[in-house]
Amino acid sequence: MRVQGKAFSKKLKVDVDFGDTEEQQSAGEEYSKILTNKRSYAAVLNHMAENKFELVQTLELTESFQGSGGTSGVVFILKKRKEQNIQ
């Protein structure tokens with residue numbers, strides 16, 4: 001999942017990638033629509049946690065322009081939690 005700030009806005013743009021199959025791409029697009037325009041990284045992660053995903057790793061997206069650089073977004077690596085059978 002890639003999360004970036006929208007230009008001139010306090011809202012976020014989110015791109016979710018679940019894989020290459022048509023079903024995975026459709027699910028990724030649906031999550032992207034739901035999560036885009038959230039106002040914080042925490043809100044994005046909380047939504048994913050509510051849908052049984054857990055954070056595995058965080059990567060910074062950085063850009064450099066004429067010697068000055070900064071964070072342009074974040075990539076969250078998530079995995080689906082396994083269901084636990086309670087007997």
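So, what pattern does the protein follow when you read along the sequence? The answer is β-β-α-α-β-β. That comes to two helices and four strands. Before I go on, please keep in mind that this is a predicted model.

Let me say a word on confidence, then. The average pLDDT for the protein is 88, and 86% of the residues score at least 70. Helix 1 is where confidence is highest, with a mean of 96, and strand 4 is where it is lowest, at 82.

Now some overall numbers. The protein has 87 residues, and 21% of them are buried. If you take the contacts with a separation of 6 or more, 44% are between residues 24 or more positions apart.

OK, on to the inside. Which residues make up the largest nonpolar core? There are twelve: Met-1, Val-3, Leu-12, Val-14, Val-16, Tyr-31, Leu-35, Val-44, Met-48, Phe-53, Val-74 and Phe-76. Two or more of these come from each of strand 2 (12-15), helix 1 (22-35), helix 2 (41-50) and strand 4 (68-80). Take Val-74 from that list: if you set aside neighbours within four places in sequence, Val-74 is in contact with Met-1, Arg-2, Val-3, Tyr-41, Thr-58, Leu-59 and Leu-61.

Strand 1, residues 2-5, runs antiparallel to strand 2, and four bridges join the two. If you want a spot to look at, find Gln-4, which stands opposite Lys-13 in strand 2. The hairpin these strands make has six residues between them, and in it Phe-8 has a positive phi near 60 degrees.

Next up, helix 1, and in particular Ser-32, which sits in that helix. Is Ser-32 buried or exposed? Buried, because its relative accessibility is 13%, and the cut-off for buried is under 20%. Apart from its neighbours within four places in sequence, Ser-32 is in contact with Val-14, Asp-15 and Val-16.

How many aromatic pairs does the count come to? Four. I'll show you two of them. In one, Phe-18 and Phe-53 have ring centres 5.6 Å apart and planes at 15 degrees, so this pair is stacked. It ties together distant parts of the chain, 35 residues apart: Phe-18 is in the loop between strand 2 and helix 1, while Phe-53 is in strand 3. Phe-18 is partly exposed, at 28% relative accessible area, whereas Phe-53 is buried at 11%.

Another pair is Tyr-41 with Phe-76, and that one is edge-to-face, at 6.1 Å centre to centre with 80 degrees between the planes. Here too distant parts of the chain are linked, with Tyr-41 in helix 2 and Phe-76 in strand 4, 35 residues apart. Tyr-41 counts as partly exposed at 33% relative accessibility, and Phe-76 is buried at 6%. Going back to Phe-18 and Phe-53 for a second, those two form one aromatic cluster together with Tyr-31.

Asn-37 is in the loop between helix 1 and helix 2. Its phi is positive, about 85 degrees, although Asn-37 is not a glycine. Asn-37 is partly exposed, with a relative accessible area of 36%. Lys-52, in the loop between helix 2 and strand 3, also is a residue other than glycine with a positive phi, near 70 degrees. Lys-52 is partly exposed as well, at 38% relative accessibility.

Last one: Leu-55, in strand 3, which covers residues 53-65. Which residues does Leu-55 touch, not counting those up to four places away in sequence? They are Leu-45, Phe-76, Ile-77 and Leu-78. Leu-78 is 23 residues from Leu-55 along the chain, yet their C-alpha atoms are separated by 4.6 Å. Why does Leu-55 count as partly exposed? Because its relative accessible area is 42%, and partly exposed lies between the 20% limit for buried and the 50% limit for exposed. In general, side chains in a regular strand alternate between the two faces of the sheet.

That's my tour; happy to go back to any of it.

How values were computed. Residues are numbered from 1 along each chain as its sequence is written. Side-chain values use heavy atoms; hydrogens and water are left out. Buried means under 20% relative accessible area, exposed over 50%, partly exposed in between (1.4 Å probe, protein chains only). Contact means heavy atoms within 4.5 Å. A nonpolar core is a set of buried Ala, Val, Leu, Ile, Met, Phe, Trp, Tyr and Cys residues joined through side-chain atoms within 4.5 Å. pLDDT is the predictor's confidence in each residue, from 0 to 100. Rings of Phe, Tyr and Trp (its six-membered ring) pair if their centres lie within 6.5 Å; planes under 30 degrees apart count as stacked, over 60 as edge-to-face and the rest as tilted. Two strands pair if DSSP finds at least two bridges between them.
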